[in-house]
Amino acid sequence: MLQRTPTRFRTTARACLALLVLLLAAGTAAGRDADRATASQPSASYLRIAQAWEDGNPEVLADLIHPDGLQVRIGKGGRATSYSPSQAFYFFKNLFRDNLTESFDYQRQQKATGPRVHAMAVWRCREAPGDPLHIRRLVLVLARSGDTWQLTEINTVR
């Protein structure tokens, strides 16, 4: 009977280990599904845009551009300029070279009810350290591309 106890113990331990591996695998798969569901929400894209904008990171922002491109309407003239995703990198690079971001905050965001969603943001920036603070209100428009939401428009609001 003493010899059977270690065998029974090993069998029970193996069963527990197998159950633990199955539970971990199921939890990891559920976590990936939750990550995919979160990434497919407009709010996830808006958060990535905000972080990249505050960091002044043109690469990340260019990666978030819709495959059909980005339309930008910034400034008093209101003239729209279109950029391909690769051109958008240079737009953001020049934008952040000429403007030092103090903060980038969303004021409100539309719920996703269709193929496009809008958010209002306030961008506080300076042309150089010590210069006057500029406050720019922007509308950022996302459009669905597959399972993700990508930036398709940036418009200045007066």
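Strands E5 and E6 form a hairpin with two residues between them, and Gly-146 in the turn has a positive phi of about 70°. Here helices (H or I, at least four residues) and strands (E, at least two) are DSSP runs, numbered from the N terminus, and two strands pair if DSSP finds at least two bridges between them. The model is predicted, with local features requiring pLDDT of at least 70 and side-chain atom pairs pLDDT 80 or more, while totals for chains, interfaces and linings use all residues. Residues are numbered from 1 along each chain as its sequence is written, and side-chain values use heavy atoms, leaving out hydrogens and water.

E6 (residues 148-157) is mostly covered, with seven of its 10 residues buried; buried means under 20% relative accessible area, exposed over 50% and partly exposed in between (1.4 Å probe, protein chains only). E6 also pairs with E1, this time in the parallel sense over three bridges, and Val-72 stands opposite Ile-154 in E6.

These pairings belong to an open, mixed sheet of six strands in the order E2-E1-E6-E5-E4-E3. Its edge strands are E2 (81-83) and E3 (100-109), each pairing on one side only. Neighbouring strands are turned by 25° against each other on average, direction ignored. Axes are lines fitted to C-alpha atoms, for helices over the stretch in contact, and angles run from 0 to 180 degrees between N-to-C directions. E3 and E4 (residues 116-126) run antiparallel and are joined by eight bridges, with Arg-108 opposite Met-120 in E4.

Helix H2 packs on this sheet, touching E3, E4, E5 and E6, and its direction makes about 165° with that of E3; contact means heavy atoms within 4.5 Å. The buried residues of H2 (residues 42-55) include Tyr-46, Ile-49, Ala-50 and Trp-53. Just after H2, Gly-56 takes a positive phi of about 65°. Helix H4 (residues 85-98) lies across E1, E2, E3, E4 and E6, running at about 120° to E2.

A search of the whole structure finds 10 aromatic pairs, where rings of Phe, Tyr and Trp (its six-membered ring) pair if their centres lie within 6.5 Å, with planes under 30 degrees apart counted as stacked, over 60 as edge-to-face and the rest as tilted. The rings of Trp-53 and Phe-104 are stacked, because their centres are 4.8 Å apart and their planes lie at 25°. This pair links Trp-53 in H2 with Phe-104 in E3, 51 residues apart. Trp-53 counts as buried at 0% relative accessibility, and Phe-104 does so at 3%. The rings of Trp-53 and Trp-123 have centres 5.3 Å apart and planes at 80°, so this pair is edge-to-face. Since Trp-53 lies in H2 and Trp-123 in E4, the pair ties together parts that are 70 residues apart in sequence. Trp-123 is buried too, with a relative accessible area of 1%. Ring pairs link a cluster whose members include Tyr-46, Trp-53, Phe-104 and Trp-123.

His-66 lies in the loop between H3 (58-63) and E1 (70-73), and counts as buried at 9% relative accessibility. The side chain of His-66 reaches the backbone nitrogen of Asp-68 at 3.0 Å and the backbone oxygen of Arg-144 at 3.4 Å. Among the residues that His-66 touches, not counting those up to four places away in sequence, are Pro-85, Ser-145 and Leu-151.

Methods:
Polar contact = N/O pair within 3.5 Å; in protein donor to acceptor, adjacent residues only side chain to side chain. Expected span 1.5 Å × (residues − 1).
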